[in-house]
Amino acid sequence: MNDLVRYERRDGIALITIDNPPVNAIAHAVRQGVMAALDRAAADGAAHAVVIACAGRTFIAGADISEFDKPRGKPDLPEVVSRIEGMDKLVVAAIHGTALGGGLETALGCHYRCALASARVGLPEVLLGLLPGASGTQRLPRLVGVEAALDMMISGKPISAAEAREKGIIDEIIEGDLVDGALAYARRLVGARAPIRRIRDLAVDASRLPKDFFADYRQRIARQTRGYFAPERIVQCVEIATRLPLAEGHRLERELFEQCKASTQSVALRHLFFAEREVAKIPDIPKDTPQRPIARVGIVGAGTMGGGIAMCFANAGLPVTVLEVDAAALERGLGTVRRNYEISASRGRLSEAEVRQRMGLIEGALEDGALADADLVIEAVFEDLGLKEQVFARLDAVCRPGAVLATNTSTLDLDRIARATRRPADVIGLHFFSPANVMKLLEIVRGAQTSPEVIATAMGVAKIIGKIGVLVGNCWGFVGNRMFGQMIRENQMMQLEGVPPERIDRVAEEWGMAMGPNGVFDLAGIDIDVKVRRGRPDKPDDPTWCRVSDLLFEHGRLGQKTGSGFYRYEEGSRTPIPDPLVHDLIRAEAKRLGVARREIDDAEIIERMFYALINEGALILEAGHALRPGDIDVIWVNGYGFPRYRGGPMRHADAVGLGEVLAGVERYRGRYGDRYWRPAPLLERLAREGGTFTGWQR
Ligand code: 3H9
């Protein structure tokens with residue numbers, strides 16, 4: 001044993017306790033410790049059975065992800081699982097918290113499994129671009145059947161102890177103290193001469209599987225797993241489990257596990273796993289920075305954003321007051337919120353009682369005074385600096401001292417907005433993404449004077465409403481929209497050069513984006529982009545700059561809401577239909593502007609959009625508007641539909657190679673000049689040094 005694994009005997013039962021905080025990842029030293037403890041249990045004549053339990057907040061949450069880039073130390077996890085299963089004394093797993101990945105695989109090596117009712121179990125490896133590599137793909141189908149095992153491994157979603165009990169993964173639910181209950185359970189099993197059950201001895205029951213089961217299953221998951229490498233390999237492992245003994249199936253599993261682990265996708269997904277946790281760590285805001293209590297929330301504006309933001313807080317159980325200027329607008333806004341909840345109810349995602357409860361938390365108001373006792377007020381009016389300044393001056397007059405005053409601006413200067421109040425230290429940006437009640441991302445914008453306490457509070461608010469909060473600096477468009485602006489510029493320039501908008505969207509979507517940029521514009525409203533860009537302080541003196549948006553706007557094509565934009569839409573439908581009229585308009589405009597039409601291949605479409613994005617990301621990083629490259633990646637994956645399996649734009653740049661990215665940027669600079677394509681100094685330096693963004697330290 002060692003520091004991480006303890007051995008003791010209690011009334012005839014050996015108790016092995018793993019204690020590797022925070023989540024008992026089964027790291028190399030833990031595996032060594034467990035092997036030694038098993039040896040001791042085997043040799044301990046007074047131990048009649050073994051219980052494996054964990055200290056702290058959870059059972060083993062999986063292999064140690066941070067060890068995946070190092071050489072695999074012996075014993076590896078499959079050896080540990082086999083050793084447990086091969087024990088001649090009965091072994092019981094005692095599960096609390098989450099038994100995930102290698103944690104559940106360890107438990108499946110045990111002969112019996114008991115758990116607290118609050119426990120959850122799952123095989124989430126797929127979310128890291130992996131497959132269960134310690135025989136989970138072979139053991140789970142033997143225990144629960146092919147389809148249930150596949151569903152758990154392909155979704156990666158954990159299931160409750162009750163569900164696991166029903167499926168036969170858990171044998172006994174323990175009430176009260178887990179370890180005492182597990183020891184008593186082990187004693188009962190020994191007393192009853194319960195057999196040693198080994199999953200390896202079971203055969204997969206494939207007799208009732210329909211003839212084309214695996215082909216059908218692949219089809220069923222095709223959409224959800226589009227672009228991902230691991231899911232197909234999981235299906236292959238399970239197929240093998242229906243035909244071969246466990247040891248042989250495990251050999252294939254191991255081979256495919258190594259392939260997955262070495263894939264750029266898994267590197268990218270593991271990068272995101274850590275990046276999504278690191279965003280919560282802000283170097284100059286220590287963890288113990290006091291947070292202000294948030295019990296009542298006020299929202300200014302009942303439009304699409306205001307309504308969606310109100311839903312976020314009501315969903316988290318917080319009372320919200322929504323302020324509007326007139327009764328009709330308020331009625332409309334709250335009506336939309338109710339309709340959204342009712343749609344969720346009709347799809348079975350909410351009960352009628354929950355709809356009533358959530359609507360009961362949202363009240364409308366027409367007088368500023370209604371916000372007087374709010375702890376947090378979020379302004380969500382139209383994106384206009386003057387208007388926002390007025391709103392903040394009003395809030396300053398009416399809100400109680402200590403209230404956090406937030407703006408949902410997506411582009412504007414936070415410091416100007418803060419200066420409209422006498423309390424700039426209390427002002428912060430909370431940039432929600434549309435639809436606000438759905439999108440996971442929250443950009444938290446720090447002004448020059450925002451206090452540490454207010455920043456800590458905002459990070460806490462993100463957690464309360466189930467968002468990933470990323471702290472960003474105050475610059476036009478912050479991180480996400482500032483980068484998006486570069487991508488849009490190239491997208492629209494390529495349209496003037498002759499690429500139809502639908503082709504750009506198709507190429508972007510095939511590359512993995514949830515939606516192409518032109519479809520996004522039609523959804524969000526082209527007028528929004530046009531108006532926001534007009535207020536931009538650093539507009540280039542360039543008549544081709546984002547000209548296609550302006551052109552469509554001038555023709556009243558504002559997107560889905562007017563039935564036409566980059567595409568046209570049939571009455572009542574959201575399906576985009578390519579429109580020859582748009583092609584004609586753009587062609588004529590290109591001629592007027594003297595933009596030469598040229599052949600552009602798919603590779604160039606991708607490069608111009610994403611290299612522009614990456615170059616801007618490098619500028620943002622260097623200027624300190626994003627704390628880390630991973631923060632940018634988290635923003636893009638959670639707010640802009642960037643494919644998770646590429647890990648975000650900065651990690652993607654690393655995968656391409658920064659030398660290659662720089663060469664691309666230089667190539668376009670050669671063709672289009674310095675205005676947009678001057679390489680970011682950080683990109684140049686890292687490319688020269690053979691470095692990477694993800695390895696870069698400020
Ligand atoms: C696997 O098992 C492969 C096998 O099939 C085959 C092997 C041969 N490793 O999320 P939290 C850290 S693949 C290392 O904030 P929560 C995490 O970075 C693995 N570190 O807490 C964070 O560190 P920090 C399959 C890990 O309570 C801290 O723990 N398993 C690991 O919100 C707290 O994490 C998974 O994919 C790990 N496995 O959620 C499970 N897990 O404090 C991954 C966590 O420095 N883990 N850390 O930022 C989770 O889903 C969640 O962490 C969990 C707890 C639900 C457990």
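Helices (H or I, at least four residues) and strands (E, at least two) are DSSP runs, numbered from the N terminus. This is a predicted model: local features need pLDDT of at least 70, side-chain atom pairs count only at pLDDT 80 or more, and totals for chains, interfaces and linings use all residues. Residues are numbered from 1 along each chain as its sequence is written, and side-chain values use heavy atoms, with hydrogens and water left out.

**View 1. Helices H25 and H26 pack at about 110 degrees.** H25 spans residues 629-639 and H26 residues 649-656; their axes are 6 Å apart. Axes are lines fitted to C-alpha atoms, for helices over the stretch in contact, and angles run from 0 to 180 degrees between N-to-C directions. The two helices are therefore roughly perpendicular (65 to 115 degrees). Pro629, Ile632, Asp633 and Trp636 of H25 meet Pro649, Met650 and Arg651 of H26 (contact: heavy atoms within 4.5 Å). Those residues comprise 5 nonpolar, no polar and 2 charged.

**View 2. An open sheet of 3 strands runs in the order S5-S7-S8.** Its pairing is mixed (strands pair if DSSP finds at least two bridges between them). S5 (98-100) and S8 (159-160) are the edge strands, each pairing on one side only. S7 (residues 120-122) pairs with S8 in the antiparallel sense over 2 bridges. Valine 121 stands opposite isoleucine 159 in S8. Helix H3 (residues 102-109) lies across S5 and S7, at about 90 degrees to S5.

How values were computed: Parallel < 35°, antiparallel > 145°, perpendicular 65-115°, else oblique. Nonpolar A, V, L, I, M, F, W, Y, C, P; charged D, E, K, R; others polar.
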